[in-house]
Amino acid sequence: MNAVYFHLGQWWFLVRKDLQREYRSRAAWPSMALLGLLMLMAIEMQLDLPAALSRQVAGGMLWLAIFFGGAVPIERSFSSEQADGCWDALRMYPVEGATLYLAKFAFNFISLAILSCVLLPMYVVLTDAPLLKQWPATSLLAMLTCASLAAAGTLVGAIANSLRSRGNLVVLLLLPLALPVLLGASDATASLLRGDTGDMFGRWLQLLAAFSLINLTAGVLLFDFVLER
Amino acid sequence: MELQKLKCGRLEPLGGILFAALLAGVGFLILRVAPAEKTMGEVQRIVYVHVAVATFGMFGMLLAAAAGLALLVRRDQGWDHWGRAAAEVGWLCSTLTLITGSLWAHEAWNTWWTWEPRLTSSLILWTIYAGYFLLRSSIDNDRQQARVCAILAIVGALDIPIITMATRWFRGMHPVSPEMDPTMRGVLLASMVSLTCFFAYLLVRRSVQLQMGHRIRALRQRLLFEQGVRM
């Protein structure tokens with residue numbers, strides 16, 4: 001039991017460190033929000049479809065904007081550690097790879113959740129979609145999507161961090177792996193907009209939960225290998 | 001001694017001839033023995049190749065992941081050659097799946113491409129392979145390349161069931177186990193078995209080639225080092 005508290009303490013210390021760093025530097029979150037907003041606006045402007053048709057396709061656009069905006073903090077959570085040898089110092093601490101992975105996952109999950117909180121109301125304003133009326137189902141969908149993207153993104157971000165052209169690689173490596181999540185989230189949004197929160201919506205949530213669990217488990221088991229040099 | 005190890009036996013040309021004959025035999029079965037399908041006509045013969053390449057396309061990623069797991073657990077660099085060879089043959093099959101599927105779709109559905117579940121899942125698999133090779137080309141260090149690519153292959157293989165589920169839940173029009181004439185079924189089985197053997201042969205050959213390349217590089221480095229010491 002003491003070991004669990006010990007690891008939890010380490011985990012919380014690392015999450016707090018990342019949150020404090022972001023609070024002080026404000027390096028990732030403003031860029032993330034701006035990129036997400038610009039993408040959403042650009043897509044909506046270009047589409048300019050009738051309301052009924054827009055609701056069918058715009059769900060995918062929302063999650064695509066969240067994905068591209070979310071890639072900023074995912075990449076930043078590792079690249080910022082490179083300054084002044086922070087990453088080497090962090091690896092010298094007696095922290096297990098799994099704890100480090102879960103801490104980075106938590107930071108990325110919080111970042112993506114904040115981005116969803118910014119973009120969802122914006123999406124509702126732009127498309128007049130009645131998503132906020134069904135806020136419990138919408139929140140659950142957003143949380144599961146953010147968890148799925150953060151679970152795969154944290155592992156890919158760590159891989160890309162050790163390479164020379166990491167800036168482009170995060171998106172290039174993560175997008176193929178995250179496509180089922182984006183497909184699931186956009187279809188679940190379309191179900192919500194049709195007012196269908198039954199069987200099909202539940203299936204998509206199950207898929208997102210399975211994706212999060214599989215990638216979280218893979219991250220916990222494989223992160224030590226990613227850290228090796 | 002090292003040069004002796006590089007020899008891979010005198011049976012290699014025989015293997016090549018055997019597989020060339022096997023593929024010619026399968027080609028004969030597909031073009032001459034299998035009857036033409038009633039509605040689709042001659043273009044339906046693509047299916048005999050398409051099913052085999054689609055199966056091995058998915059199998060290649062699973063093999064690359066298995067080799068990656070063995071590399072990480074056993075710390076044996078030799079598994080990287082198997083993983084890379086499996087990914088390369090898998091990517092080749094995945095590309096052939098998209099091409100043959102597209103050719104078939106143009107005749108059957110009157111379009112080269114549609115966002116149909118199986119087509120979508122095949123394309124996602126192809127992009128995962130592309131990411132794997134992109135990652136390989138970004139790393140110079142052999143050990144780091146092997147370790148990082150092993151991790152990506154494992155994550156890619158773990159996502160295959162999810163990709164399959166995500167795309168199957170769309171309403172698709174791709175045929176699944178259609179009714180077939182017994183001769184057609186026999187030709188399909190023969191084509192699947194022989195093409196699978198051929199891809200397995202390619203995999204072994206490519207893996208041996210990668211191992212030989214690795215040994216030649218090591219020998220060259222040793223030779224350069226010894227020359228430097230003498231000078």
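A residue is called buried when its relative accessible area is under 20%, exposed when that value is over 50%, and partly exposed in between, as judged with a 1.4 Å probe and the protein chains only. By this rule A:Glu81, at 4% relative accessibility, counts as buried.

The structure is a predicted model, in which local features need pLDDT of at least 70 and side-chain atom pairs count only at pLDDT 80 or more, while totals for chains, interfaces and linings use all residues. Residues are numbered from 1 along each chain as its sequence is written, chains are lettered from A and ligands numbered from 1 in the order in which they are written, and side-chain values use heavy atoms, with hydrogens and water left out.

**Chain B as a whole**

Of the 231 residues in chain B, 40% are buried. A contact means heavy atoms within 4.5 Å, and among the contacts of chain B with a separation of 6 or more, 80% are between residues 24 or more positions apart. Accessible areas come from the Shrake-Rupley method with a 1.4 Å probe, and for residues only the protein chains shown count as cover; the accessible surface of chain B comes to about 12900 Å², with 65% of it belonging to carbon and sulfur atoms.

**Helix α1 of chain A**

Helix α1 of chain A covers residues 2-25, and its 24 residues reach 34 Å from the first C-alpha to the last, which is close to the 34 Å expected at 1.5 Å a residue. That expected span is 1.5 Å times one less than the number of residues in the helix. Which residues of α1(A) are buried? They are A:Gln10, A:Leu14, A:Val15, A:Asp18 and A:Glu22, and they pack against α2 (29-47), α4 (86-92) and α5 (97-127) of chain A. An α-helix has 3.6 residues a turn, so residues three or four places apart point the same way. A:Trp12 also lies in helix α1 of chain A, but A:Trp12 is partly exposed, with a relative accessible area of 45%. Although A:Trp12 and A:Leu102 are 90 residues apart in sequence, they are 9.8 Å apart in space, C-alpha to C-alpha. Just after α1(A), A:Arg26 takes a positive phi of about 45°.

**Nonpolar cores and a surface patch**

A nonpolar core is a set of buried Ala, Val, Leu, Ile, Met, Phe, Trp, Tyr and Cys residues joined through side-chain atoms within 4.5 Å. The largest such core holds 103 residues, of which B:Leu135 and B:Ile151 touch the most other members. Helix α6 (residues 135-161) of chain A gives the most to this core, with 15 residues. When neighbours within four places in sequence are left aside, B:Ile151 is in contact with A:Leu155, A:Ile159, A:Leu222, A:Phe225, A:Val226 and B:Leu72. A second, separate core of 8 residues includes B:Tyr48, B:Met180, B:Met184 and B:Val187.

On the surface, B:Trp91, B:Leu92, B:Leu96, B:Ile99, B:Leu103 and B:Trp112 form a nonpolar patch, with about 530 Å² of accessible area together. Such a patch is made of residues with over 30% relative accessible area and no salt bridge, with nonpolar side chains (Val, Leu, Ile, Met, Phe, Trp, Tyr) joined within 5 Å and, for charged patches, like charges joined within 9 Å. One of its members, B:Leu96, is found in helix α4 (residues 78-108) of chain B and counts as partly exposed at 31% relative accessibility.

**Salt bridges**

Side chains of opposite charge can pair when their charged atoms come close.

| Pair | N to O distance |
|---|---|
| A:Lys17 and A:Glu81 | 2.8 Å |
| B:Arg136 and B:Asp80 | 2.6 Å |
| B:Asp142 and B:Arg217 | 3.9 Å |

B:Asp142 lies in helix α6 (residues 142-168) of chain B and B:Arg217 in helix α7 (residues 182-230) of chain B, so this pair ties together parts that are 75 residues apart in sequence. B:Asp142 is partly exposed at 36% relative accessibility, and B:Arg217 is partly exposed at 43%. In the pair of B:Arg136 and B:Asp80, by contrast, both residues are buried. A:Lys17 is partly exposed, with a relative accessible area of 24%, and a network of salt bridges links A:Lys17, A:Asp18, A:Arg21, A:Glu81 and A:Lys104.

Technical notes:
Helix = DSSP H or I, 4+ residues; strand = E, 2+ residues; numbered from the N terminus. Salt bridge = Lys/Arg side-chain N within 4 Å of Asp/Glu carboxyl O.
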